[in-house]
Amino acid sequence: LKEYPIGEVLPKYPPRVEVISYPREVVAGQSIRVRARGIGFPKIELMRVYYTIVGVGHKWVDGKQVGEGEYEARISTQGLREGDEIVYHVQILGDGLWAECPKAHQGEGSLVTRIRAAEYTDRLEHVFEAGLNLVAVPCRPVVDEAPSVFGVDRVASWDAEEQRYVTDVNAITVQPGYGYWVYYRNETKREVCGEAVSGDVEVPITGTWNLIGNPYTKALPWSQVEGEIKPFGWIWDNNSYRLVASVEGLGVLQNIPPWRGVWVYRTGGDKIVFHESKPAVMQIARAMRVRRGQRDGWVLRLVARSGACVDTDNFIGVQSGGIIREIANPPMHGGMGVDLWIQGREGGKLAAEFKKPNEKLVWQCAVATQIPNAEVAIEYPDLSGVPDEYQVVVTDQETGQRWYMRTTPRYVFRSGPQGEIRHFTIEVTKRDRAAVEVSNLTARQIGGGVVVTYSLSQPAEVEVVIRNIAGRVVKILQPSQL
């Protein structure tokens, strides 16, 4: 208890606890939220709820401040059944003073919450992949708290106003039309009870990036998403972001799968409307249909890969019209991964940039990974979309290494102990149609080395690859070294 020096004025009224709210009934799995206010305390240091689960035992939980002098504590009801009762009282301490409500030891009774039966119309099941999942829930759950819905604590939502993740799982409620990151150690089957969604669904948006989700139990065509947003979205599939857009010939998805969250970039307005449609069959990504040999229409896909992590939907190219010029790179998640982006004209990160035919065909790119000491590969799985008259040259800005995409199927570097960010320049130029002849090629051993001589029919850049007897590359000499 607090000791008051002689001459100090004692409080006129003793401190007390006022219980603001608590539920009389909850569904099993739903937290009991007890909110209380401390009155007459010079300073509040702790709010604690002591509770008893009848027939089980005694426990306590500390609350968090939620307002001026107000605190809230949450009592878990996981594992309880219909008819169970939780009896509790609230205690607040501060500056050597304490008070409780109700005063159970004086026979004034206690606060009681009973577990009631859940009422729902639909029982939905879904199997989540091992690892990271960007998910949505196509129903209004009976218990909307994230730990109860997903069965794990590794859950994050997105605060669009602040443009940041919310990782306090106890502060996350699950609603249809929103997206959530969830991590599972193993493939996991979950059952969610509630009311399945039908009809149009409105979701408020603000800021720039918003994390929304397919509110239906069927695939949703991108064309059925209405709002002032950029004409594309991003889902997470098989350890990679995948682009969703109504674009023909780019080889991207055109529907949002069920149970999937999706990133969208707001350009105005305050809401998105999902229009329910007839069941849609998932569009399989089509092969690129590129006009070969023409300067005003080609596309090249870039892929970054490290172990099981991959970033697949990145594009550069030329288009004279009828296509999105720039596609913004989506926000990174908080886990290990690999990310490839193109540096935009205004400094932003892009997943795709299509230039006009009369522009200089140079792209500044970067690949980043948080994975330490790992091999990272840059791949370009299909060069058939680039007209034959063009050559594509890539330069590693950190090492100075330069290579031709048409003769080098992939480029590999190794990340450092803290991961790596590597920068590259991609330049596309017209080939010289005249054939280059290599003649008078000789190799002579002189002293401890070998002298190689050759003749070229015209000026050209030369790269020398030295291999051992097993065919493995020992050294590559760049043009600047010759």
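Analyst: Strand E21 (residues 225–227) is joined to strand E26 by three bridges, and the two run antiparallel. Within this pair, Glu 226 has Val 273 of E26 as its bridge partner. Strands here (E, at least two residues) are DSSP runs numbered from the N terminus, and two strands pair if DSSP finds at least two bridges between them.

This is a predicted model, in which local features need pLDDT of at least 70, side-chain atom pairs count only at pLDDT 80 or more, and totals for chains, interfaces and linings use all residues. Residues are numbered from 1 along each chain as its sequence is written, and side-chain values use heavy atoms, with hydrogens and water left out.

E26 (residues 271–274) also pairs with strand E18 (residues 201–204), in the antiparallel sense, over four bridges. There, Ile 272 in E26 is the bridge partner of Val 203.

Another set of strands forms an open sheet of three, in the order E11-E17-E13, with antiparallel pairing. Strand E11 (122–128) and strand E13 (139–141) are at the edges with a single partner strand each, so one side of each has no neighbour in the sheet. From one strand to the next, the twist averages 55 degrees; for such angles, axes are lines fitted to C-alpha atoms, and values run from 0 to 180 degrees between N-to-C directions. Seven bridges link E11 to strand E17 (residues 188–196) in the antiparallel sense. In this pairing, Leu 124 stands opposite Val 192 in E17.
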